[in-house]
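Please look over the sequence and the model before reading on.

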Amino acid sequence: MELTDYLTLGASGLRVSPLALGTMTFGTDWGWGADEGEARSIFDLYVERGGNFVDTANFYTGGSSEALLGRFAAGRRDRLVLATKYSLNLHPGDPNGGGNHRKSLVRAVEESLKRLGTDYIDLLYLHIWDGTTPVEEVMRGFDDLVRQGKLLYAGISDTPAWQVARMQTLAALRGWTPLVALQVEYSLVQRTVERDLVPMAEALGLGVTAWSPLGMGVLAGKYDRAALAQGDAQSLTVRGTRQQVALTHDMLSERNLDIAETVKAVAQALGRSPAQVALAWLLQRPGRGAIPIVGARTLAQFEDNLGALELQLGDEELRRLDAASAVPQGFPHDFIRLPVPRNNIFGGTRVRTGA
């Protein structure tokens with residue numbers, strides 16, 4: 001597989017690379033990102049190899065990520081699919097400085113357009129569900145921006161499956177712009193999205209993009225058990241070190257480090273890096289799979305990550321990784337699969353689904 005093995009995003013006709021470039025690491029404002037020179041080298045390598053799907057957010061590094069991306073994309077903007085997000089508050093003290101509502105949406109889009117140096121955004125995600133905004137307000141707001149030509153496609157991130165399904169159904173019933181992408185945390189250390197979010201996306205025409213596909217560095221073998229006792233897991237800031245961010249996002253745990261050990265063992269047997277194995281697993285998920293969003297602090301890290309495109313894991317490696325990272329599906333999924341309910345449903349007959 002290569003970056004030029006493009007696929008369509010969800011039920012849309014938009015063609016994107018199978019691996020997206022994540023730019024939360026663009027800018028040093030938070031204390032752990034790449035400076036402008038290193039960020040440009042990463043961006044240039046991705047584009048030179050045919051990559052076209054670039055992910056950012058208005059909140060990343062206080063807006064620096066979008067500003068740097070705008071400078072890097074100058075002269076080649078139209079061949080890129082630029083995805084950004086709104087919802088997080090860039091204006092502390094202003095109750096309407098963030099959120100999912102129309103005022104926040106319009107303000108964020110206008111500011112993002114300026115930072116990105118463009119007159120349209122290819123894909124805009126609602127960044128995280130705020131629990132206060134009516135779904136009608138969100139979907140009508142997206143539709144208005146599409147009609148104005150400021151936005152081409154809409155997506156959603158970090159939102160319960162039932163809310164996303166409700167929004168997608170509402171758009172279909174009212175003839176509004178549908179959602180074409182779902183961005184979720186998805187990796188070997190975060191598979192609970194396979195319970196409802198991923199199947200929902202498959203059924204309703206949303207392409208899945210995966211943030212933190214390396215578990216904030218855990219799956220790359222970056223941390224050992226000594227890291228569990230270091231830092232403040234209750235901190236409310238994204239500033240500091242990557243280890244501190246991993247702690248505050250509950251990435252550093254005994255279970256996750258056990259999974260990382262399995263990844264490392266598989267990688268050693270294959271003569272590959274742990275990061276390549278973890279990303280290859282995600283690229284080979286059943287069905288339409290997921291698009292990993294890969295961010296790196298150095299060019300060397302990013303070059304290594306791209307090596308996952310060339311790695312085809314065998315059945316035995318996949319079984320080993322699946323077993324180490326499996327999570328209970330929970331109710332009603334596990335209950336429905338029990339022998340007695342299955343027999344009660346089908347009465348002892350065999351039914352094959354599909355054509």
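A residue is called buried when its relative accessible area is under 20%, exposed when that area is over 50%, and partly exposed in between, using a 1.4 Å probe and protein chains only. By that rule 10 of the 10 residues of helix α9 (residues 274-283) are buried, so α9 is largely enclosed by the rest of the structure. The model is a predicted one, in which local features need pLDDT of at least 70 and side-chain atom pairs count only at pLDDT 80 or more, while totals for chains, interfaces and linings use all residues. Residues are numbered from 1 along each chain as its sequence is written, and side-chain values use heavy atoms, with hydrogens and water left out. Helices (H or I, at least four residues) and strands (E, at least two) are DSSP runs, numbered from the N terminus.

**Helix α9 and its surroundings**

- The buried residues of α9 are Pro-274, Ala-275, Gln-276, Val-277, Ala-278, Leu-279, Ala-280, Trp-281, Leu-282 and Leu-283.
- These buried residues pack against the strands β9 and β10 (291-294) and the helices α8 (254-270), α10 (299-306) and α11 (315-325); contact here means heavy atoms within 4.5 Å.
- Ala-308 sits in the loop between α10 and α11, and Ala-308 is buried, with a relative accessible area of 1%.
- Leaving aside neighbours within four places in sequence, Ala-308 touches Gln-276, Leu-279, Ala-280 and Leu-283.
- Between Ala-308 and Ala-275 there are 33 residues of separation in sequence and 7.7 Å in space, C-alpha to C-alpha.

**Helix pairs**

- Two packed helices are described by the angle between their axes and the distance between the axes.
- Axes are lines fitted to C-alpha atoms, for helices over the stretch in contact, and angles run from 0 to 180 degrees between N-to-C directions.
- Angles under 35 degrees count as roughly parallel, over 145 as roughly antiparallel, 65 to 115 as roughly perpendicular and the rest as oblique.
- α8 and α9 pack at about 105° with their axes 8 Å apart, and are therefore roughly perpendicular to each other.
- On the α8 side of that pair, Val-263, Lys-264, Val-266, Ala-267 and Leu-270 meet Pro-274, Val-277 and Ala-278 of α9.
- By class, the contact of α8 with α9 has 7 nonpolar, no polar and 1 charged residues; Ala, Val, Leu, Ile, Met, Phe, Trp, Tyr, Cys and Pro count as nonpolar, Asp, Glu, Lys and Arg as charged, and the others, Gly among them, as polar.
- The axes of α8 and α11 come within 9 Å and cross at roughly 170°, which makes α8 roughly antiparallel to α11.
- In this contact α8 supplies Arg-255, Ile-259, Thr-262, Val-263, Ala-265, Val-266 and Leu-270, and α11 supplies Glu-317, Arg-320, Leu-321, Ala-324 and Ser-325.
- The contact of α8 with α11 divides into 7 nonpolar, 2 polar and 3 charged residues.
- Helix α2 (residues 64-73) and helix α3 (residues 102-116) have axes that come within 7 Å and cross at roughly 45°, and are therefore oblique to each other.
- Glu-66, Ala-67, Leu-69 and Gly-70 of α2 make this contact with Ser-112, Arg-115 and Leu-116 of α3.

**Cavity and pocket**

- On a 1 Å grid over the protein atoms alone, a cavity is a set of points where a 1.4 Å probe fits but cannot get out, and a pocket is an open set with protein on both sides within 12 Å along at least five of seven lines; lining residues have an atom within 4 Å of a point.
- Grid points are joined across faces, edges and corners, and a volume is the space filled by probe spheres set on the points.
- A search of the whole structure finds 1 cavity of 30 Å³ or more, and about 60 Å³ of space lies in the largest cavity.
- α3 gives the most to the lining of the largest cavity, with 4 residues.
- This cavity lining divides into 4 nonpolar, 5 polar and 2 charged residues.
- The second largest pocket has a volume of about 320 Å³.
- Its lining has 20 residues, of which Val-198, Glu-202, Pro-286, Arg-288 and Gly-289 lie nearest the centre of the second largest pocket.
- The largest share of the lining of the second largest pocket, 4 residues, comes from α6.

**Thr-4**

- Thr-4 lies in the segment before β1 and is partly exposed, with a relative accessible area of 36%.
- Leaving aside neighbours within four places in sequence, Thr-4 is in contact with Arg-49 and Gly-50.
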